[in-house]
Each structure stands twice: as structure tokens, then as C-alpha cells.
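I am opening a notebook on this structure. The entries below follow the order in which I looked things up.

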Amino acid sequence: MAKKEHVSETPATAWLRKHAVGFSEHPYAYEEHGGTAVSSRALGVPEHDVVKTLVMQDEAARPLIVLMHGDRKVSTKNLARAIGCKSVEPCKPEVAQRHSGFLVGGTSPFGTKKAMPVYVEESILAIEKIYINGGRGGYLVGIAPQVLVEVLGAKPVQCALAD
């Protein structure tokens with residue numbers, strides 16, 4: 001039997017356990033700027049099922065989290081329209097880190113330092129199991145996407161750019 005790699009607790013996994021959310025752990029060799037292409041290849045899952053956590057801000061610099069398929073980009077124009085803002089833009093890495101408490105490359109929507117509204121690309125909810133950052137680079141957790149809405153309170157939006 002293969003020895004399971006031990007992954008130390010992160011604020012994200014502590015949050016999942018506190019809320020009694022079942023999850024699987026998927027450590028992989030992290031590559032700087034490798035993104036979801038690297039993690040999906042390492043885990044042997046479609047990049048579409050790997051969900052990236054993006055910290056953005058509205059025109060008043062209020063932070064928010066957007067969850068998007070690994071193989072898609074966010075239309076900030078469509079997102080702003082969907083959530084009733086004038087504009088939305090990505091936060092600078094150091095600002096995102098200050099809001100989330102996570103290093104860029106390890107940002108999870110669970111256990112963030114600051115409570116922020118969370119928006120999820122609607123089509124993510126149709127996937128059976130998603131892989132999302134567990135709170136550090138090189139570490140994803142596998143969960144049922146319904147957790148995003150039911151436990152995290154994420155609001156479904158349609159803001160993926162068409163291919």
C-alpha cells in the first residue's frame with residue numbers, strides 16, 4: 001500500500017473540517033506561474049474541473065472572490081454587470097494576499113482572513129467533483145461543487161469568456 005503524503009493543516013482545511021465538509025487531498029509539485037495546466041496534468045483531471053480562486057475588487061476597491069474554471073478567463077465586464085458594479089478588476093498580488101491571508105498561488109476561498117463575497121461561474125456547479133486550492137501552492141482539495149453555494153454562500157454568475 002502506498003504511503004499517503006501527509007499535508008499539514010491550512011486555514012482552508014481547518015475551515016472545511018470545522019464546517020464538516022468532506023474533501024480529498026491532492027498534493028502535487030508546484031511550479032511558479034504554472035497555473036491550473038500544471039495541477040490538472042499532475043492530478044490527471046481535466047483543467048476544466050480545476051477551479052481557480054481569483055481575488056478581485058470593484059470600483060470602490062471592495063474585495064471579492066471569483067471562482068472560475070481553470071481553462072477559462074473571467075470577463076470582468078460581464079462579472080461587473082452580473083453583480084451590479086460599475087467595474088471589477090484583479091487585485092494586485094500583495095493586496096490579494098492582504099485580503100485573503102494566502103500567498104498568491106495558494107489562494108483558497110475557504111478560511112480567508114477577511115470575509116468577502118464569493119461568486120462562482122455557474123457551470124462549475126454542474127461538475128461532479130471539483131479541485132480547488134487547499135491553502136498553499138501545490139495542494140488542491142477535491143470537493144462537491146455544491147459546497148461552494150451551500151456552505152460558503154457563493155453566488156452563481158455567468159462571467160466566463162467564450163472560447
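This is a predicted model: local features need pLDDT of at least 70, side-chain atom pairs count only at pLDDT 80 or more; totals for chains, interfaces and linings use all residues.

**Entry 1, charged pairs.** I began with Arg62, which forms a salt bridge with Asp58, their closest N and O atoms being 2.8 Å apart. I count a salt bridge when a side-chain nitrogen of Lys or Arg is within 4 Å of a carboxyl oxygen of Asp or Glu. Arg62 is partly exposed, at 49% relative accessible area, while Asp58 is buried at 7%. Here buried is under 20% relative accessible area, exposed is over 50% and partly exposed is in between, with a 1.4 Å probe and protein chains only. My search of the whole structure gave 2 salt bridges. Glu9 and Arg17 also meet through their side chains in a salt bridge, at 2.3 Å from N to O. Glu9 is partly exposed at 44%, and Arg17 is partly exposed at 45%.

Residues are numbered from 1 along each chain as its sequence is written, and side-chain values use heavy atoms, with hydrogens and water left out.

I take helices (H or I, at least four residues) and strands (E, at least two) as DSSP runs numbered from the N terminus. I found it paired with β2 (residues 50-58) in the antiparallel sense over 7 bridges; two strands pair if DSSP finds at least two bridges between them. Leu64 of β3 is the bridge partner of Met56. The hairpin of β2 and β3 has 4 residues between the strands, and Ala61 there takes a positive phi near 65°. With β5 (residues 118-121), β3 pairs in the parallel sense over 3 bridges, and Leu67 has Val120 as its bridge partner in β5.

Where does Leu67 belong? Leu67 is among the residues with the most contacts inside the largest nonpolar core, which has 28 residues; Phe110, Ile132, Ile143 and Leu148 are the others. Such a core is a set of buried Ala, Val, Leu, Ile, Met, Phe, Trp, Tyr and Cys residues joined through side-chain atoms within 4.5 Å. Elements giving two or more residues to this core include α1 (11-18), β2, β3 and β5. Apart from it I found another core, of 13 residues, including Leu64, Val66, Tyr119 and Val157.

In α3 (residues 76-83), Leu79, Ala80 and Ile83 are buried. Seen down the axis of α3, its buried residues fall within an arc of 100°, so they line one face of the helix; the arc is that of the directions from the helix axis to the C-beta atoms. Lys77 and Arg81, on the other side of α3, are exposed. Just after α3, Gly84 takes a positive phi of about 75°.

**Entry 6, aromatic rings.** I searched the whole structure and got 1 aromatic pair. Trp15 and Phe110 are stacked, 5.3 Å centre to centre with 25° between the planes. Rings of Phe, Tyr and Trp (its six-membered ring) pair if their centres lie within 6.5 Å; planes under 30 degrees apart count as stacked, over 60 as edge-to-face and the rest as tilted. Trp15 lies in α1 and Phe110 in the loop between α4 and β5, so the pair ties together parts 95 residues apart in sequence. Trp15 is buried at 17% relative accessibility, and Phe110 is buried at 0%.
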